[in-house]
Amino acid sequence: MIKSILSLKNVNLSFGGIKAVQDVSFEIHENELLGLIGPNGAGKTTVFNIISGFYKADTGSIDLGDVCLLKLAPDQVNKVGIARTFQNIRLFGNLSVVENVIFALQQKIDHSWFHSLFRTKKYLDIEATLRTRALSLLKIFSLDQLADTPSKSLPYGLQRKLEIVRALASDPKLLILDEPAAGMNHSETEDLKKLIQFIKTEFKLTVLLIEHDMKLVMNICDRIVVLNRGEKIAEGIPAEIKANKQVIEAYLGKRS
Amino acid sequence: MQEFLQHTLNGLSTGSIYALVALGYTMVYGILQMINFAHSEIYMLGAFAVYYVARFFGLNTPSTLNFIIGLLSAIVACGLVGFAVERFAYKPLRKTDKLNVLITAIGVSILFQFGGQIIFGADPKSFPDLIENTELFNFLEIPFNVVDLLIYGVTFASLIALTYLVNYTQRGRAMRAVSTKPDAAKLMGINNDSIISFTFVVGSVLAGIGAFLVATKYPKIDPMMGARIGMGAFVAAVFGGIGNLPGAVLGGYLLGLGECYLIGYGASTFREALSFFILILILLVKPNGLLGKTAKEKI
Amino acid sequence: MSLKSKIIFLVCFVGLGIALNFFLNSYIQALAISFMINSIMAMSLNFITGVANQFSLGSAGFVAVGAYTSAVLTKEVFNDQWYFIPLTALIGACVAAFAGYLVSLPSFKLKGDYLAIVTLGFAEIVRVIFLNWNHVGGPRGYNAIVKWPNFTMAYLFTGAAVLITLYVLYSLKISWFGRNLWALNEDEIAAEVMGTPIAKNKRTAFLISSFFGGLAGGFYAHNMGYISPGSFGFLLSVQVLIITVLGGLGSISGSIIASIILTVLPELLRSLPTKVDVRMIVFPILLILMMIVRPEGLFGKKEIWTFFKKEGGS
């Protein structure tokens, strides 16, 4: 039986009378790569922001396993197991590459003020472990050579990569990628494709991907959900979506 | 009833001054997103400019001409100082962290306050009598004088002029463009630096008008007079919604009235804390002020 | 530091206190204590503004709360016994920390200028409350506060407070908490998404900073023997800000160096023939020039000792 990990049911959100998201329901199954697509202004990013806790849905429900996400703030959403990246990369630019990762790792640890203040052995051990863990994670993505450079001085493609690594560091059940191919050229997109497939299998993750690049989505997604004007208009495997009349209309306009 | 009316009238004239000064804060904030701490000192310098001009030309008899000369010298002096402060203290920092500009502004403000105490002397000076303050009429034993009329009249005229400038002229359109989208404005061929300069000058001129009116009504001026009104005026701007011109005027009048009722009904020692109290209350309840728009960061 | 160097340091610290009691004249002694108190205030501001990037103009408010609390307690509870000063100063610091926590409640959403104004407003409100509170002297101030019995005691306790402040704030700066704050001021949204509660971190930072502000206040009261609402105006906050900026926002130890400079410098100018406080001319000029020439301050975000260590040291 297919186990669902995240389920949205009848989610609605309007901004001052404009319905940004209307009655959207879909499920993400464990270990799948679900693509969320739609033309500009379809409400993709809004759905993302509802899931990650920045917007509160007016009605409907969102559950991660048994946990209801509706009332959680973004930091709590992360704690229950959802990590995300951003369309316009949001790294901590002046922190070094490894510190970006350590920051994500340390959120999972209960720190003691006493030990940190007196810099006890226990505290120093924890710090050392965090760094080792961060470095070994970076090594998997061959970023370990750059560990101590400030993250803002990385080239664009590597910044994307680091943002994904940082999200992985918070040990999520579900990873949400918000237009990771934005601003990438052909060969960078190819690398990204491999990267996504790699983390999906290697970390046994469920991935939700918002993307504009149709080729990428059709290539790597297991299933696809299509939004248009805040409503879900289609759901299915890539081949079905390609043939779906409504989807073609949404993207190309009605043929008259 | 009579007492209430008196406090209301006082509140309206205090409010007029707050409104004029608050406009300068709000305009600069709208265009540069910085609190121009030195604005209140530009206001103070306006009053001293009139004092020295009057002394230099020996103007000490009340007449309409002298009044106009006084008003014009406040306007010119404040415009020049506003221009200079922006050009020499803030402009070099345009590209750096906003915190640096804010710290500089505090520095300029303190420098003017204490530099003023050295140059002008710390003791209050008598402001020259430039207009005959005769009683126009009397309502419920409350006198309504020429100076009151002038405060309302000049404030009103200034607001009309500003509204016209901002809404119906080429420069006003450019000002609005720069304050909403500076980068786009630059691409459309607007010279942002000159518009920012111009905004400072206009704001400073309004402060100068305010200072001149205050000094005409309460003819004692000293280098700390700006510090006393500055924070209140800034709070008025936040109250109305920072960056919003009608908001600053509304905030100014509401704060002026509030303070005068507070003083009138016997809580004068708390006057200084009132504006901040209001401020904290607004930020809790309606952080964008009465007429301000909400802006959400794009994620 | 090894145990041996710790002991040597302690002996030097105490020995210096006893020696200076005989070798310095009382004018220099007073300057030394006031430099120490200034540096506690500056380090406290540095933590909230330099490390946590929360621009505060309310130092004077926290200092005032600490000063009044400690002064009133020694007089009314502890019978003017000087050896209770460390205890009362600590209680004052706790009360100030509580005040800081209250201020942070509405302000966690505010950034930059707005926060500056709210903290400034808080300090003004505190001042007006003391101004209207007759039990503590109202505008006349609070008199005859118990002082340290001699310079050595003043030096030892105030100096210890400086060292503790430096140690605690520096440890926090380089700890996980400091990393949280740093990430927060790089990108709040990203930090939140990665699992850090914004408000909680900011509140904690405020609490810690105002604790040390209050501590400085306690020492200030017992050093002066007299406090009044006038001592805790906006200008005090500005002075503390100037010290902090000069030392470098983010460099805790830089604040100590800067307070030496800014405590001594105005004394050299004291002979100038003017009634106006010369500091208030020199400081703002220094501040404006700094912003243009070296906005990061003397030490930037670095601590002094990093300049003596070789590259790659920890």
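Does Lys217(B) count as buried, partly exposed or exposed, and at what relative accessibility? At 23% relative accessibility, Lys217(B) counts as partly exposed. The legends below describe close-up views of a predicted model.

**Figure 1. Salt bridge between Lys217(B) and Asp148(B) in the predicted model.** The two side chains meet with an N to O distance of 3.0 Å. Lys217(B) belongs to helix H8 (residues 192–217) of chain B and Asp148(B) to helix H5 (residues 146–168) of chain B, so the contact ties together parts that are 69 residues apart in sequence. Asp148(B) has 10% relative accessibility and counts as buried, whereas Lys217(B), at 23%, counts as partly exposed. Over all chains, the structure holds 20 salt bridges.

**Figure 2. Hairpin of strands E2(B) and E3(B).** Strand E2 (residues 135–139) of chain B pairs with strand E3 (residues 142–145) of chain B in the antiparallel sense, over four bridges. Within this pairing, Asn138(B) stands opposite Pro143(B) in E3(B). Two residues lie between the strands. Leu140(B), in the turn, has a positive phi of about 50°.

**Figure 3. Salt bridge between Asp222(B) and Arg228(B).** The closest N and O atoms of this pair are 2.7 Å apart. Asp222(B) counts as buried, with a relative accessibility of 10%.

**Figure 4. Salt bridge between Glu296(C) and Arg294(C).** Here the closest N and O atoms are 3.5 Å apart. Glu296(C) counts as partly exposed at 39% relative accessibility. Arg294(C) also counts as partly exposed, at 37%. Chain C, which holds this pair, has a mean pLDDT of 87, and 94% of its residues reach 70 or more.

**Figure 5. Salt-bridge network in chain A.** Four residues are linked in this network: Glu32(A), Arg223(A), Lys232(A) and Glu235(A). The average pLDDT of chain A is 88, and 98% of the residues score at least 70.

**Figure 6. Helices H10 and H3 of chain A, shown for their pLDDT.** Among the elements of chain A, helix H3 (residues 97–106) has the highest mean pLDDT, 93. Helix H10 (residues 245–252) of chain A has the lowest, 82. Where pLDDT is low, the predicted coordinates should not be read in detail. For the complex, the predictor gives an ipTM of 0.87 and a pTM of 0.88.

Notes:
Residues are numbered from 1 along each chain as its sequence is written. Chains are lettered from A and ligands numbered from 1 in the order in which they are written. This is a predicted model: local features need pLDDT of at least 70, side-chain atom pairs count only at pLDDT 80 or more; totals for chains, interfaces and linings use all residues. Side-chain values use heavy atoms; hydrogens and water are left out. pLDDT is the predictor's confidence in each residue, from 0 to 100. Two strands pair if DSSP finds at least two bridges between them. Buried means under 20% relative accessible area, exposed over 50%, partly exposed in between (1.4 Å probe, protein chains only).
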